[in-house]
Amino acid sequence: MQKTVTLDAQDRAIIAALQENGALTNAELAERVRLSASQSSRRRARLEEAGVIRGYRAEVDPARVGLTVTVYIQVSLATHSGKNAQRFRDRVARTPEILEAHALTGDADYLVKVVVEDLAALGRLVNQVLLPHESVERVRSNVVLETLKQGTRLPL
């Protein structure tokens, strides 16, 4: 388990501002959190070095780039061994349509979030990528009809 980093109010303010807009310059960030630019820059660098801030990226609207179907797929493994789990993890890492993958307790072993162009693409992913893989026994797909809330901002 990773070590928790102690954050003060100014660290939290920096994180909140960057979660809202990761493209802020150090001067803009400093103004928002009421610190000098050098203090803001040092704190930001410390948060990055500690792994609290893992990176910056553009938020892309999937539908605008032709990815209109979001699906959550429950995956059960054929056998429960370290080697088989690693084979599945390797498959996940090599499958760009899989945006998230989580190991679970309960009925399924994994839950993966997938974004594809259409139902035909989902069919190809399930029938040609997941089901034939030697590590997989069963998949159950749940197509998203409507997204009520989506985000990556942590409630700090």
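Aspartate 8 is partly exposed, with a relative accessible area of 33%; on this scale buried means under 20%, exposed over 50%, and partly exposed in between, with a 1.4 Å probe and protein chains only. This is a predicted model, so local features need pLDDT of at least 70 and side-chain atom pairs count only at pLDDT 80 or more, while totals for chains, interfaces and linings use all residues. Residues are numbered from 1 along each chain as its sequence is written, and side-chain values use heavy atoms, with hydrogens and water left out.

**Helix α1 and its cap**

Aspartate 8 also caps the N-terminal end of α1, with a side-chain oxygen 3.0 Å from the backbone nitrogen of glutamine 10. Helices here are DSSP runs of H or I with at least four residues, strands are runs of E with at least two, and both are numbered from the N terminus.

The expected span is 1.5 Å times one less than the number of residues.Which residues of α1 are buried? They are Asp11, Ile14, Ile15, Ala17 and Leu18. These five cover an arc of only 165° around the axis, which puts them on the same side of α1; the arc is taken from the directions from the helix axis to the C-beta atoms. The buried residues of α1 pack against α2 (26-33) and α3 (37-49), where contact means heavy atoms within 4.5 Å.

**Salt bridges**

A salt bridge here is a side-chain nitrogen of Lys or Arg within 4 Å of a carboxyl oxygen of Asp or Glu, and by that rule the count comes to seven. Three of them are listed below.

| Pair | Closest N to O |
|---|---|
| Arginine 43 and aspartate 8 | 3.0 Å |
| Aspartate 11 and arginine 46 | 2.7 Å |

Take the salt bridge between arginine 43 and aspartate 8. Arginine 43 lies in helix α3 and aspartate 8 in the segment before α1, so this pair ties together parts that are 35 residues apart in sequence. Arginine 43 is buried at 18% relative accessible area.

Next comes the salt bridge of aspartate 11 with arginine 46. Aspartate 11 sits in helix α1 and arginine 46 in helix α3, so the pair ties together parts that are 35 residues apart in sequence. Aspartate 11 is buried, with 2% relative accessibility, whereas arginine 46 is partly exposed at 35%.

**Two nonpolar cores**

A nonpolar core is a set of buried Ala, Val, Leu, Ile, Met, Phe, Trp, Tyr and Cys residues joined through side-chain atoms within 4.5 Å. The largest one has 20 residues, and Ile73, Val75, Phe88, Val114 and Val139 have the most contacts inside it. At least two residues of this core come from each of β1 (69-77), α4 (82-93), β3 (110-116), α5 (119-130) and β4 (136-143). Skipping neighbours within four places in sequence, valine 139 is in contact with Ile73, Gln74, Val75, Val126, Leu130 and Leu131. Apart from that core lies another, of 11 residues, with Leu18, Val33, Leu47 and Ile53 among them.

Is arginine 44 buried or exposed? At 10% relative accessibility, arginine 44 counts as buried, and it is found in helix α3. Its side chain makes a polar contact of 2.9 Å with the side chain of asparagine 26. A polar contact is a pair of N or O atoms within 3.5 Å; within protein, one must be able to donate a hydrogen and the other to accept it, and residues adjacent in sequence count only if both atoms are side-chain atoms. Not counting residues up to four places away in sequence, arginine 44 touches several others, including Leu18, Leu29, Ile53 and Tyr56.

Arginine 34 is in the loop between α2 and α3 and is exposed, at 75% relative accessibility. Its phi is near 60°, a positive value in a residue other than glycine. For reference, most residues other than glycine have a negative phi.

Arginine 138 belongs to strand β4 and is partly exposed at 33% relative accessibility. Leaving aside neighbours within four places in sequence, arginine 138 is in contact with Gln74, Val75, Ser76 and Asp107.
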